[in-house]
Amino acid sequence: MVDLPVLTLNSGMIPIDICRVRDAIVLQLLNKAAAIKVEQGKWIRSQYLSFALPRVITLFNYHKIPEKKVVYSRLNIIYRDDMRCMFCGKRFSMDQLTVDHLIPQSRWDALPPNKRPLSINSWENQVCACKGCNSIKGDRLLHECGLKLIRKPYEPKYLPHLVISKRKAEEYGWLEFLGYNVKVVDLIE
Ligand SMILES: [Zn+2]
């Protein structure tokens, strides 16, 4: 039970993180946070203390929203594309998704610079693709395999601070606390 996730809000009630029950309890013991939502009837007990199982805590002295740069990463390409295959347009769970190089390594050097993005590993050369479409595409260029992009890839200016699965948010009672900086998705675990 101490490993269960707890939504952490800053002192302005903005969600900033997800911690574990054990961290949430330590923060409460140190008087740095309070549980504002607990699971009724479930308790974490030690020899001397018992705590209602926290689901949402708020920090007392932290009002900031930690800055989050949009880091170029495989995961962020998948989030940018909304967990949607950029070829067939369908959404998939994380384990069914890959990141495809539009211009693959094997073809990169043969193309003149004006026919390719600045870098092979870049926001402009990579898209989220389902395993099926990725294997159809293989090492070919788009016009050689008959696949079309549903949207041109781009460098995102903003990504949500937290990405949380809808199932988890419902199960732990977080929905009412989620604001503009949190993205709730259907499929991610
Ligand atoms: Zn696909």
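Which elements make a right-handed β-α-β unit? In this predicted model, strand β7, helix α6 (residues 166-171) and strand β8 do. Right-handed here means that, with the strands pointing away from the viewer, the path from the first strand over the helix to the second runs clockwise. Helices (H or I, at least four residues) and strands (E, at least two) are DSSP runs, numbered from the N terminus.

A word on the ground rules. Residues are numbered from 1 along each chain as its sequence is written. Because the model is predicted, local features need pLDDT of at least 70 and side-chain atom pairs count only at pLDDT 80 or more, while totals for chains, interfaces and linings use all residues.

**The β-α-β unit**

Let us stay with β7 and β8 for a moment. The two strands run parallel and are joined by 4 bridges; strands pair if DSSP finds at least two bridges between them. Ser165 belongs to β7, and its C-alpha atom is separated by 8.4 Å from that of Lys183, 18 residues apart along the chain. Ser165 is partly exposed, because 15 other C-beta atoms lie within 10 Å. For reference, 20 or more such atoms within 10 Å make a residue buried, 12 or fewer make it exposed, and partly exposed is in between, with C-beta atoms placed from the backbone.

**Helix α1 and its cover**

Helix α1 (residues 21-29) has Val21, Ala24, Ile25 and Leu27 as its buried residues. They lie on the same side of α1, because they cover an arc of only 160° around the axis, taken from the directions from the helix axis to the C-beta atoms. Strands are part of what covers these residues, with contact meaning C-beta atoms, placed from the backbone, within 7 Å. Among them are the following:

| Strand | Residues |
|---|---|
| β1 | 5-9 |
| β2 | 15-20 |
| β3 | 33-45 |
| β4 | 50-59 |

Just after α1, Asn31 takes a positive phi of about 65°.

**The whole protein**

The protein has 6 helices and 8 strands. Its radius of gyration is 21 Å, well over the 16 Å that the globule rule gives for 189 residues, so the protein is more spread out than a compact globule. That radius is taken over C-alpha atoms, and the rule is 2.2 Å times the number of residues to the power 0.38. The C-alpha trace spans about 70 × 30 × 25 Å along its principal axes. Buried residues make up 23% of the 189 residues.

Conventions
Contact = placed C-beta atoms within 7 Å.
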